[in-house]
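Trainee: I would like to take a close look at one part of this protein, and I would be glad if you then tied that part to the rest of the chain.

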Amino acid sequence: MIDIAGAVAVGSIDEASRDQPEPAHAAAGVRGVAAHYGDPMREQRQLTTEVGLVDRSHRGVIAVPGAERISWLHTLTTQHLAELSPGQGTELLVLSPHGHVEQHAMVAEDGDTTWLDTEPGATAGLLTYLEKMRFFSQVDPRDATAEHALLSLVGPKAPEVTALLDVPPLAEPDVVGLPGPKFRSGELPPRPTARYDVQPLPQGGWARRGPLGVDLLVPRPAMDQVVARLRDNGVPPVGLWAYEAVRVAARRARVGVDTDHRTIPAEVNLIAPAVHLDKGCYRGQETVARVHNMGRPPRRLVLLHLDGVATDQLPVAGTPVTFDGRTVGFVGTAVLHYELGQVALAVVKRSVPDDAALRVGDSAAAIDPS
């Protein structure tokens with residue numbers, strides 16, 4: 001999609017951006033993605049009110065075939081995957097021994113292979129971990145980024161647009177509610193906490209319904225065909241800037257951008273979609289259980305409104321958030337939203353009140369309490 005008229009590549013604006021193909025993928029022919037196609041604000045409105053097609057083909061894709069793949073991934077990750085069936089998707093995390101978030105992946109199971117798509121720059125780390133944990137299991141994880149590309153239909157009309165690709169209707173996401181602290185064992189059903197409907201694409205690959213729309217994992221040779229079919233039927237291309245603005249407004253944290261080395265799942269709203277609290281042992285499980293039973297993670301994810309008076313430059317990820325001269329957190333993703341103005345996701349200490357007068361660099365900041 002980077003060849004579409006008007007496309008402005010992320011890398012041409014910010015050479016240090018995380019949103020570029022990993023070097024190994026670029027060497028294999030994976031190209032960059034568009035930040036926008038000429039009008040970022042209009043593109044945001046398109047995603048909020050209609051539907052647009054976003055090129056996210058820089059994301060890493062890992063294929064996990066093998067007879068024991070589901071039970072193996074079940075033991076290694078935070079999600080309850082033992083009952084994952086063909087045609088289902090979900091989310092999962094890999095945690096450190098101390099319960100800090102190391103990896104996040106979206107999942108799709110097609111009956112032969114479990115597909116994981118993850119953050120650009122995170123593929124090698126996740127694959128290395130999986131390869132180290134193979135032992136004698138009948139699994140064969142591999143980097144499939146050069147073979148498959150991820151596109152996303154985003155917006156309220158995304159589910160109906162999949163009919164243009166001859167995909168059956170996709171069920172809405174099914175997310176289990178969080179139990180209270182010290183819940184009874186067996187209270188949570190033995191299934192993925194988030195279930196996303198997955199259907200095959202006639203062109204190859206599959207469509208997966210998710211929180212922001214429908215993801216399409218397509219073989220790279222079929223990518224141009226899929227894009228052309230959607231554009232010919234009125235679905236416009238939309239850049240990554242607009243997608244990020246929608247994600248920030250929805251308060252969906254991005255691992256590696258809206259997290260740091262100390263982040264635990266409960267701080268960034270990743271328990272409900274990606275962590276099963278009653279599945280048994282996995283790396284980092286003790287921390288997850290202890291924090292949930294206490295009911296108060298030490299930090300929380302918030303949406304900040306930035307005043308934009310002193311500067312119109314958005315803060316970079318990692319910029320400190322201060323309160324009365326003390327650092328109380330850090331900024332993750334900052335965007336210029338077409339309705340909200342300058343906003344950012346931030347992780348701050350739980351003790352920071354909602355009405356605190358915060359500072360982010362030269363800008364005053366306020367927590368959105370809604």
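How many of the 10 residues of α8 are buried?

Mentor: Before the answer, please keep in mind that this is a predicted model, in which local features need pLDDT of at least 70 and side-chain atom pairs count only at pLDDT 80 or more, while totals for chains, interfaces and linings use all residues. Residues are numbered from 1 along each chain as its sequence is written, and side-chain values use heavy atoms, with hydrogens and water left out.

Of the 10 residues of α8, 8 are buried, and the helix is therefore mostly covered, where buried means under 20% relative accessible area, exposed means over 50% and partly exposed lies in between, with a 1.4 Å probe and protein chains only. The buried residues of α8 are L240, A242, Y243, E244, A245, V246, R247 and V248. After the helix comes R251, which has a positive phi, near 60°.

A pocket is an open set of points on a 1 Å grid over the protein atoms alone, with protein on both sides within 12 Å along at least five of seven lines; a cavity is a set where a 1.4 Å probe fits but cannot get out, and lining residues have an atom within 4 Å of a point. The largest pocket holds about 850 Å³ of space, a volume being the space filled by probe spheres set on points joined across faces, edges and corners. Its lining has 30 residues, and D14, S17, W241, T333 and A334 lie nearest the centre. Besides α8 (240–249), the elements that give two or more residues to this lining are α1 (10–13), α3 (40–49) and β17 (326–337). By class, the lining of the largest pocket has 16 nonpolar, 7 polar and 7 charged residues, where Ala, Val, Leu, Ile, Met, Phe, Trp, Tyr, Cys and Pro count as nonpolar, Asp, Glu, Lys and Arg as charged, and the others, Gly among them, as polar.

The second largest pocket holds about 470 Å³, and among the 34 residues that line it, R56, M106, Y243, R247 and R252 are the closest to its centre. At least two residues of this lining come from each of β6 (101–109), β9 (148–154), β13 (213–219) and α8, and α8 gives the most, with 4 residues. The lining of the second largest pocket divides into 15 nonpolar, 6 polar and 13 charged residues.

For comparison, turn to helix α4 (residues 69–76), which has 6 of its 8 residues buried, so it is largely enclosed by the rest of the structure. Its buried residues are R69, I70, W72, L73, H74 and L76, and what covers them includes β4 (60–65), β6, β7 (113–118) and α5 (123–132).

Along the principal axes, the C-alpha atoms fill a box of roughly 55 × 55 × 35 Å, and 55% of the 370 residues are buried. Among contacts (heavy atoms within 4.5 Å) between residues at least 6 apart in sequence, 71% join residues at least 24 apart.
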